[in-house]
Amino acid sequence: MVRFLLRLIRILGALTPFLLRFLRDRHRFLIVGESRTVPRDQHEQRARRLRDAMLDLGPTFVKIGQVLSTRPDIVPQVYAEEFAVLQDAIPAGPYRDMIPALAEDVGYHSYDDFDPEPIAGGSLAQVYRATYQGEQVVVKVRRPGIKDLIETDLRITRRLIPFALFLAPDRFSFSLRNMADDFERIILEELDFEREARMMEEIRENFAADENETVTIPRVFRDVCSERVLTMEYARGTKVTDLEELEAKGYDPENVAQRVANAYFTMGLEHGVYHGDPHPGNLAVDDGRIVFYDFGMSGRFTPAMQASVINLYLAAVNRDVDAIIDELVALGALDPDADRAAVGHVLELVIDDLEGSGDVNWQQIIDVVVGMLREFPFRIPPDVMLVIRVGSIGEGVLRQLDPEFDILAAAQLFLREHGFLQRATRMKLAEARSDIETSLWALLRLPSKLERELDVRDQERTAIPQKIVQNQRRQTRSIGYAILAAGTFVASGLALSVSQISATVGIVVALGFTILFIHSSRQQRR
């Protein structure tokens, strides 16, 4: 409890000055008064100070800053840009602090040799070189006490979220509430090195069938892995942004950029499991292959999400605003109760704005879309957030390799070459056929339902003379057959573009309803 209170006091002491400044931006005297306009340079200075405060508060707030850098639905662009440069710039801890995790989890003497000098480090772990069973390996060891610290910080942030929701504008409540839940899951997953090992093995297995051998995923040594220790193959490579060395080794930077992009498209759209941290330190080139490191941030696409992403792309290309809204709701980005007409109007403005721009990039699209949807119950789900992060950071890396690289054009080419566009069209046609067939069967069942309803009405109206009842029944039945005949003819016409068999069956059924209508009308005239 004492630790909790001390940590709470430190967090509040670091963040309260910024909170007061933000409140004064809305009301000059905190709760009353007019809002004030703050110049961009002052926001930039404030963003730098807030970034430094997060860095000083430790790993939880470093991760919060990194997540916020990909959340333009919550923070202004000037803050997102500053948080994007947040790195796990925490000094390396002494090797003796890492020994307990190694000794308790995998056995300190399991390695043939272990270099105590870390080769890399971050807020959550440090990375060492070692030799295991005669092979060179890399060992990632979680920092001691880091999980307890993060769990304490998460308890504090859970208690502060209601205050944040109270103070924040109403339009942010949907995003803030969901981001808090998403962030807790993300950071706890990143602490679990066993999960990272599973993701690495799955992605490595997915690429095992690649005949061109374009990707290298380091092999995991399961015997010396645990929740706190991850041992993997030491995979050499030239840093992907080291242009001079790449060219000296005969690699074409433009070709490397295309290979990196295709690897990400393959992981996300074909395999459904992808590497989520494409900064330059995690990408390399070796013997023509793209080498991926550090799978702490990795994501997973369900088949439904993959289909939604492709459908969203097709809807955007076709300027189908209703379909765009449907896919945003399916992805969990837009509240189903949102005003569709208002959202549709905003999306039309977004499309017009982007079409009027000459050179449109990924980040520009995200900024424009999120900026204009900010007033609606709109949020970025964690998996979509990770995709945005991959796109934003990845585009920056790819443009270092090729300044003219267009990630949207590359995506379009990949979708076309791998048959995704045709597949999405077939899925839409299959959905239409299913809807038509369901409607036809509903029409076929309608006469019996009408008959039962008429029988009930007859019983309720026993006081009405029998001839009047029969006449009303014939009249209602005639109208029902006419509606069924017309509806079935229309449905058959729609089905013709999808399935000739369904259309033929529909026409036969419609003719049957027409004959019944004629017969019923004659009886009524008699």
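Predicted model: local features only at pLDDT ≥ 70, side-chain atom pairs only at ≥ 80, totals over all residues.
Let me start with strands S2 and S3: strand S2 (residues 120-121) runs antiparallel to S3, and two bridges join them. Strands here are DSSP runs of E with at least two residues, helices are runs of H or I with at least four, and both are numbered from the N terminus. Two strands count as paired if DSSP finds at least two bridges between them. The bridge partner of Ala-120 in S3 is Val-127, and a hairpin of three residues leads from S2 to S3.

Residues are numbered from 1 along each chain as its sequence is written, and side-chain values use heavy atoms, with hydrogens and water left out.

Let us stay with S3. Strand S1 (residues 113-114) also pairs with S3, in the antiparallel sense over two bridges, and Phe-114 has Ala-130 as its bridge partner there. With strand S4 (residues 135-142), S3 forms eight bridges, again in the antiparallel sense. One of the residues involved is Tyr-128, whose bridge partner in S4 is Val-139. The hairpin of S3 and S4 has two residues between the strands, and Gln-133 takes a positive phi near 50° in this hairpin.

How enclosed is S3 by the rest of the structure? Strand S3 (residues 125-132) is largely enclosed, because six of its eight residues are buried. Buried means under 20% relative accessible area, exposed means over 50%, and partly exposed lies in between, with a 1.4 Å probe and protein chains only.

I turn now to helix H1 (residues 2-26), which contains Leu-6. Leu-6 counts as exposed because its relative accessibility is 56%. Together with Val-2 and Ile-9, Leu-6 forms a nonpolar surface patch with about 330 Å² of accessible area. Areas come from the Shrake-Rupley method with a 1.4 Å probe, and for residues only the protein chains shown count as cover. Patch residues have over 30% relative accessible area and no salt bridge; like charges are joined within 9 Å, and nonpolar side chains (Val, Leu, Ile, Met, Phe, Trp, Tyr) within 5 Å. A salt bridge is a side-chain nitrogen of Lys or Arg within 4 Å of a carboxyl oxygen of Asp or Glu.

Finally, the whole protein. It has 19 helices and eleven strands, and 43% of its 526 residues count as buried.
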